[in-house]
Amino acid sequence: MKKIIFLPALLLAVLFQLHAQSINNTNWKAYFGEPFNDTLTFHVRGDSSFVTASNGEVLVQTKCVVKGDTLTLSDYSIGQYSCPDMTGKYKIDFQGDNFTATLIEDACEGRAQALHGVKWTKASK
């Protein structure tokens, strides 16, 4: 009897894991207008990530934490597009090979304006 109850629970857990998506260890692309007028790539690597322009220039480095459908960013690089020591939280909404970041809260106004509502498309490595 215990085996009969365990098997459906196991199948549900496996199906849930297959359906649940993650952005960890992947690359995502999105086009940004001014000041970039370029397709940027968001490289998500475990707990740290970075964004590059199409020419490979690193624009920002950030600590990245993904828990469930929440993405938390905290930049650690210093540069024109960075907000060191400011944390931002975004809800991730998957649709196939795309996800949209919806602002929850972000102390960095520029990042919040740039990322809110952006549709990222999964890119090859």
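Biologist: What makes Ile23, Phe42, Leu71, Phe99 and Trp120 stand out among the 23 residues of the largest nonpolar core?

Modeller: In this predicted model, these five touch the most other members of that core. A nonpolar core is a set of buried Ala, Val, Leu, Ile, Met, Phe, Trp, Tyr and Cys residues joined through side-chain atoms within 4.5 Å, and buried means under 20% relative accessible area with a 1.4 Å probe, protein chains only (exposed is over 50%, partly exposed in between). The element that gives the most to this core is β4, with four residues.

Biologist: How many helices and strands does the protein chain have?

Modeller: There are two helices and eight strands. Helices (H or I, at least four residues) and strands (E, at least two) are DSSP runs, numbered from the N terminus.

Biologist: Why are β7 and β8 called paired?

Modeller: Two strands pair if DSSP finds at least two bridges between them; three bridges join β7 to β8 (residues 119-123), so the two strands count as paired, and they run antiparallel. Asparagine 98 has threonine 121 in β8 as its bridge partner. The eight strands form a closed barrel, β1-β2-β3-β4-β5-β6-β7-β8, with antiparallel pairing.

Biologist: Which residues does tryptophan 120 contact, leaving aside neighbours within four places in sequence?

Modeller: Contact means heavy atoms within 4.5 Å. Among the partners of tryptophan 120 are Trp28, Phe42, Phe99 and Leu115.

Biologist: On what basis are such values computed?

Modeller: Residues are numbered from 1 along each chain as its sequence is written, and side-chain values use heavy atoms, leaving out hydrogens and water. Local features need pLDDT of at least 70 and side-chain atom pairs count only at pLDDT 80 or more, whereas totals for chains, interfaces and linings use all residues.
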